[in-house]
Amino acid sequence: SSGINAEWPLRPGFVGGFSQGGAIALYSGLSYKHRLGGIIAMSCYLPLRNEFPGVITANTDVPLIQCHGNIDPVVPYRFGQVSSILVNSFNPSIQFRTYTGLAHSACPEEFRDIKKFLTQNLGDLS
């Protein structure tokens, strides 16, 4: 932090990913020791779920959006649902979004939802 310029204050960062990247973002974001601005988890599940909520220190109420297609053949939709239910038990601010007819992919509606999530949680950037 000694090199941080007062004109460029640090803001909490966001983590996100798709599939295995989403699983890593979900696990590492929730268990990260510093406060995050938010987590974006697409077509994924929460790995090592039995460690939760015990491994959470700073991100018990981090803004979080989890997106999943209801016909995903790679990461079954039910895996995303179960992960969301678990996360909701300790972080009721989670937003779980279902995309009807979406397989293991992304769609424009999903990107609109993520854009809205980021806009709501980035705050004033001026």
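Before the close-ups, a short note on the model. This is a predicted model, in which local features need pLDDT of at least 70, side-chain atom pairs count only at pLDDT 80 or more, and totals for chains, interfaces and linings use all residues. Residues are numbered from 1 along each chain as its sequence is written, and side-chain values use heavy atoms, with hydrogens and water left out.

View 1. A disulfide is a covalent bond between the sulfur atoms of two cysteines. Here it is taken as a pair of cysteine sulfur atoms within 2.5 Å, and the count by this rule is 0 disulfides. Cys67 is in no disulfide, as the nearest cysteine sulfur, that of Cys107, is 8.4 Å away. Cys67 is buried, at a relative accessible area of 0%, and Cys107 is buried too, at 14%. (Buried means under 20% relative accessible area, exposed over 50%, and partly exposed in between, with a 1.4 Å probe and protein chains only.)

**View 2. The open sheet.** Meet the 4 strands, ordered β1-β2-β3-β4 with parallel pairing. At the edges are β1 (14-18) and β4 (95-99), each pairing on one side only. From one strand to the next, the twist averages 10°. Strands β1 and β2 (residues 38-42) pair in the parallel sense over 5 bridges, with Val15 opposite Ile39 in β2. Strands are DSSP runs of E with at least two residues, helices are runs of H or I with at least four, and both are numbered from the N terminus; two strands pair if DSSP finds at least two bridges between them.

**View 3. Helices across the sheet.** Helix α2 (residues 77-90) lies across β3 (64-69) and β4, at about 160° to β3. Helix α3 (residues 108-122) lies across β1, β2, β3 and β4, at about 170° to β2. Axes are lines fitted to C-alpha atoms, for helices over the stretch in contact, and angles run from 0 to 180 degrees between N-to-C directions; contact means heavy atoms within 4.5 Å.

**View 4. Two loop residues.** Ser19 sits in the loop between β1 and α1 (20-31) and is buried, with 14% relative accessible area. Beyond its neighbours within four places in sequence, Ser19 touches Met42, Ser43, Cys44, Val75 and His104. Pro76, in the loop between β3 and α2, is partly exposed at 28% relative accessibility. The C-alpha atoms of Pro76 and Cys44 are 8.5 Å apart, although 32 residues separate them along the chain.
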